[in-house]
Amino acid sequence: MDTASETTTTAGQAKGAGLVLLTLAAGQFLMTLDSSVMNVSIATVAKDIGTTVTGIQTAITLYTLVMAMFMVTGGKVGSMLGRRRAFAIGCVIYGAGSLVTALAPNLPVLLLGWSLLEGIGATLILPAIVALVAGNFPPRGRPRAYGLVMAAGAIAVAVGPLIGGFATTYFSWRWVFAGEVVIVLGILALARKVQDAPAEGRTKLDLVGAALSAAGLGLAVYGILRSSEWGWLLPKPGGPSAFGVSPVVWLVLGGIFVIWLFLGWERRLEARDGSPLIRPELLRNHQLTGGLLMFLAQFLIQAGLFFVIPLYLSVALGLTAIETGVRILPLSLTLLAAAAGVPRFLPNASPRRTVRIGLLALLAGIVVLFSAITPTAGAAVVTVPLLLVGLGIGALASQLGAVTVSAVPDEQSSEVGGLQNTATNLGASIGTALAGSVLIGALSMSFIQGVQHNPSIPDSVKTQASVQLAPGVPFLSDADLSAALAGAGMSQEGTQTALDINRQARLDGLRASLVVLAAVALLALFGARRIPRKQPE
């Protein structure tokens with residue numbers, strides 16, 4: 001009888017842990033889904049609400065910006081209110097934002113629902129997820145739990161284009177956001193099964209620190225997000241400049257300066273026995289900062305690849321949004337296998353070795369893709385690289401969450417969650433901006449050189465092309481370029497020449513971005529030395 005009772009109790013605990021994991025993974029999936037869905041529906045959404053593509057890109061930028069600015073504050077609010085309550089409040093705000101977005105008649109309402117409300121909701125949800133995993137799973141079970149939760153976010157990036165393309169093609173992009181409301185209701189119903197950690201009981205929020213951290217991170221991230229339009233250092237032709245350089249330089253430097261002021265304020269507040277937003281000694285913890293650096297590197301590479309690969313499939317190869325999503329799906333297989341399999345079958349695996357293997361798998365995937373894309377390559381060339389990339393992301397996801405949280409006592413896990421999600425948002429912002437600016441820069445240089453060195457193109461056209469294309473050559477499909485040249489009255493021979501030059505320039509741009517992402521993966525291997533050799537006890 002005792003044995004039967006014990007078996008029933010164990011089964012109940014396993015079921016309860018499974019529901020907790022499902023709840024938190026669903027929250028992580030939801031937070032990541034929006035941007036990947038919207039990236040394939042930009043033109044349709046813009047037309048539907050009476051705005052431009054630039055308007056929708058502004059909404060995407062502001063969504064990222066709001067999350068980056070308030071993630072640290074959201075982590076502290078969660079530690080004050082209680083993690084489960086912060087998670088539930090964040091879900092309510094996020095669900096309200098999704099409903100407003102689904103019903104948005106114009107751009108201002110879309111900005112309110114998606115960029116502001118969903119962004120604020122995410123700043124409460126994401127740090128709480130990190131803390132709730134720590135509070136609901138023992139140290140030995142955390143790598144697997146964190147791995148599956150982080151894998152849910154990465155899978156959302158992979159399947160987002162498929163979901164967005166299917167909904168936009170056969171129904172409406174609005175159904176995606178309406179579906180999010182239903183998912184939020186399901187998460188709130190399941191959240192009651194999640195065991196809460198006690199709140200700190202502090203009633204005073206560090207408002208000065210919150211303002212300084214938001215301003216510093218906001219300036220830096222906004223500058224990074226605008227780098228593809230304004231230039232990283234030198235201003236692009238026709239773009240804004242300040243004292244002879246791109247405004248990006250001053251925004252990033254200004255952001256770093258304000259963050260320095262923020263850290264100084266936090267040290268001063270702690271010395272006075274106040275309640276700082278984050279404890280400055282956290283940033284002197286080598287294991288924690290090592291984990292944060294790995295998160296930044298992972299999301300930088302991940303975001304860069306998810307910018308480059310869909311662009312190659314949809315523009316260079318002309319695949320539809322649904323076909324593009326299907327081609328990206330293989331990544332999910334190895335990602336889930338590694339994220340769940342490493343902690344399950346290799347529970348004592350060295351976190352440092354696993355992280356290094358993950359980075360090497362990412363590097364291998366990038367190198368294989370670089371070698372495979374040729375003017376005659378088809379969509380199948382991305383399959384093996386994506387399997388390797390998924391393996392790498394899954395291996396990193398299986399370790400990094402446990403590494404960061406195990407570096408500090410459990411009561412500080414919410415603060416760590418804020419720092420962790422700040423690192424991931426910063427990495428994703430840099431990755432997208434870096435991959436985009438390198439791609440367009442290399443594409444433009446290759447296209448202009450192709451025009452200049454082609455003897456069949458008149459000198460007058462070469463001069464005109466050099467001047468007009470100096471700000472940057474757009475990443476155009478053959479169909480779009482042919483239509484533009486036909487509208488300009490270009491001859492059939494001239495059109496074919498331009499198409500040949502553009503095909504080679506596109507590949508040069510893609511390869512240049514891949515080289516930069518490979519370099520980041522190599523540099524990250526050096527930072528892996530801060531990851532511990534042994535699993536947390």
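Let's start with glycine 255: it is buried, with a relative accessible area of 0%. Buried here means under 20% relative accessible area, exposed means over 50%, and partly exposed is in between, using a 1.4 Å probe and protein chains only. Glycine 255 sits in helix H10, residues 247-271. Helices are DSSP runs of H or I, at least four residues long, numbered from the N terminus. And who is across from glycine 255? The C-alpha atom of glycine 218, 37 residues apart along the chain, is separated from that of glycine 255 by 7.1 Å.

Quick note on what you're looking at. This is a predicted model, where local features need pLDDT of at least 70, side-chain atom pairs count only at pLDDT 80 or more, and totals for chains, interfaces and linings use all residues. Residues are numbered from 1 along each chain as its sequence is written, and side-chain values use heavy atoms, with hydrogens and water left out.

Okay, aromatic rings. How many aromatic pairs does a search of the whole structure find? Nine. Rings of Phe, Tyr and Trp (its six-membered ring) pair if their centres lie within 6.5 Å; planes under 30 degrees apart are stacked, over 60 edge-to-face, and the rest tilted. Take phenylalanine 166 and tyrosine 170: their ring centres are 5.1 Å apart and the planes are at 50°, so this pair is tilted. Both belong to helix H6, residues 142-170, and are four residues apart, about one turn of the helix. Why does that spacing matter? An α-helix has 3.6 residues a turn, so residues three or four places apart point the same way. Tyrosine 170 is exposed at 53% relative accessible area, while phenylalanine 166, at 42%, counts as partly exposed.

Next, phenylalanine 243 and tryptophan 250 make an edge-to-face pair, 6.0 Å centre to centre with 75° between the planes. Phenylalanine 243 is exposed, at 80%; tryptophan 250 is partly exposed, at 42%. There's also a cluster: ring pairs link Tyr63, Trp114, Trp173 and Phe177.

Now two helices together. The axes of H11 (residues 286-316) and H15 (residues 383-405) come within 10 Å and cross at roughly 155°. Those axes are lines fitted to C-alpha atoms over the stretch in contact, with angles from 0 to 180 degrees between N-to-C directions. Under 35 degrees counts as roughly parallel, over 145 as roughly antiparallel, 65 to 115 as roughly perpendicular, and the rest as oblique. So H11 and H15 are roughly antiparallel to each other.
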